[in-house]
Amino acid sequence: MIGLAISAALLVWVLYRIDPRKVWDYAQHANVWLLLLAVVVATVTFPVRAIRWRLMLRDADGRPFPLLPLWHATTIGFMANNLLPARAGEVARAYVASRQLPVRFTTALGTIGVERVFDALVMLGLMAVAIAAPSFPAHAIVGGRSLSAIAASTAVLFGVLLGLALVIANRPGPWLLLIERISRRVLSVRAADRVVQASDGIVEGLAVLKSPARFAGVVLWSLVLWIKNGAAFAICFRAFGLHVPLEAALLLQGIIGFGVAIPSTPAYGGVFEAATLLTLQLYGVDSSQAIAYALTYHLTTFIPITLLGLWSLSRLHLRLGELSTAARPTGE
């Protein structure tokens, strides 16, 4: 309900600032071929995610898993984010991986958590490139603070999280013992056992942080992923004839990336559009043109991964209801 209220409020705020007729006119005059190219480039980020995940998730002997099961889990997870509430896709992805491969659910979920930290740090780094560029609007203020200050403080937060994960990955014993002691003091025996088992699985998911080669590989693929994703935004700029610098795409994807972390409806309705409007207004883009861009990009990139996820779901003989049940707090 909170997510629905936030999405509704943001949509009302967006609609209040635009002329629907102008939005439709801008959308009709977009370059179809450039828009199609943007959709293809955006969709190609999902195989990159699967490749990166393969570096992180290993079997008990440290060997990589086949790519196809991870691809199915990835497409299903992002499809679930588009169709199910409460970012159920993150849990659904781990659930599907644990169904196909000899890997614990909590281990798969732990690697997804590490992914999110890498994603945040790389997006912040690319945002810093856009903020440092001469084209960046000097007047950019959000909530009374400059965007550069917000990005810096957020980078510190995620840097601390990555540092903590590195410490736990390399010296898990004391942390696991601390969690076990606290759990057994405040929880029932059954609940404490579940917490201890989950903690073991999450620590296993941090194993990639102990390997310099795999760590470097994850960083490299994260850069490829987010540069490619930024390129999709930039190509769509040209499809709509937006006169903004290419590096604005790096800022836009970062603001959207952190914006969709707040509660919202499935597929981040309202949040995506509001974040796009705020960003493009910094570069002097007309509000109606910015929303035409946001709605068109959001809808056209929503379709391919949703269809791919539904196809993978049918291939594995799973149902959406099963994913929704797995994502409930009562699940593992």
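Before the first stop, a definition: on a 1 Å grid over the protein atoms alone, a pocket is an open set of points with protein on both sides within 12 Å along at least five of seven lines, whereas a cavity is a set where a 1.4 Å probe fits but cannot get out. Lining residues have an atom within 4 Å of a point. Points are joined across faces, edges and corners, and a volume is the space filled by probe spheres set on them.

Some housekeeping: this is a predicted model, where local features need pLDDT of at least 70, side-chain atom pairs count only at pLDDT 80 or more, and totals for chains, interfaces and linings use all residues. Residues are numbered from 1 along each chain as its sequence is written, and side-chain values use heavy atoms, with hydrogens and water left out.

**Stop 1: the largest pocket**

Select R49, F78, W226, V260 and Y268; of the 36 lining residues, these lie nearest the centre of the largest pocket. The space in there comes to about 870 Å³. Now colour by helix (helices are DSSP runs of H or I, at least four residues, numbered from the N terminus). Helix 7 gives the largest share of the lining, seven residues. Among the others that supply at least two each are helix 3 (32-43), helix 5 (67-83) and helix 14 (287-315). By type, the lining splits into 21 nonpolar, ten polar and five charged residues. Here Ala, Val, Leu, Ile, Met, Phe, Trp, Tyr, Cys and Pro count as nonpolar, Asp, Glu, Lys and Arg as charged, and the others, Gly among them, as polar.

**Stop 2**

Zoom in on R49, in helix 4. R49 counts as buried at 7% relative accessibility; buried means under 20% relative accessible area, exposed over 50% and partly exposed in between, with a 1.4 Å probe and protein chains only. Leaving out residues up to four places away in sequence, R49 touches T74, F78, E115, R116, D119, L225 and W226 (contact means heavy atoms within 4.5 Å).

Next, show R116 and E90, whose side chains meet in a salt bridge at 3.0 Å, N to O. That term means a side-chain nitrogen of Lys or Arg within 4 Å of a carboxyl oxygen of Asp or Glu. The pair links distant parts of the chain, with R116 in helix 7 (residues 105-132) and E90 in helix 6 (residues 88-100), 26 residues apart. Salt bridges with shared partners join R49, R52, E90, R93, E115, R116 and D119 into one network. The structure holds 14 salt bridges.

**Stop 3: Y268**

Is Y268 buried or exposed? At 15% relative accessibility, Y268 counts as buried. Beyond residues up to four places away in sequence, Y268 touches N81, R87, V260, E273 and H298.

**Stop 4: helix 13**

Finally, select 271-282, the twelve residues of helix 13. The helix reaches 17 Å from first C-alpha to last, close to the 16 Å expected at 1.5 Å a residue; the expected span is 1.5 Å times one less than the number of residues. Ten of the twelve are buried, including F272, E273 and L280. Just after the helix, click G284, which takes a positive phi of about 80°.
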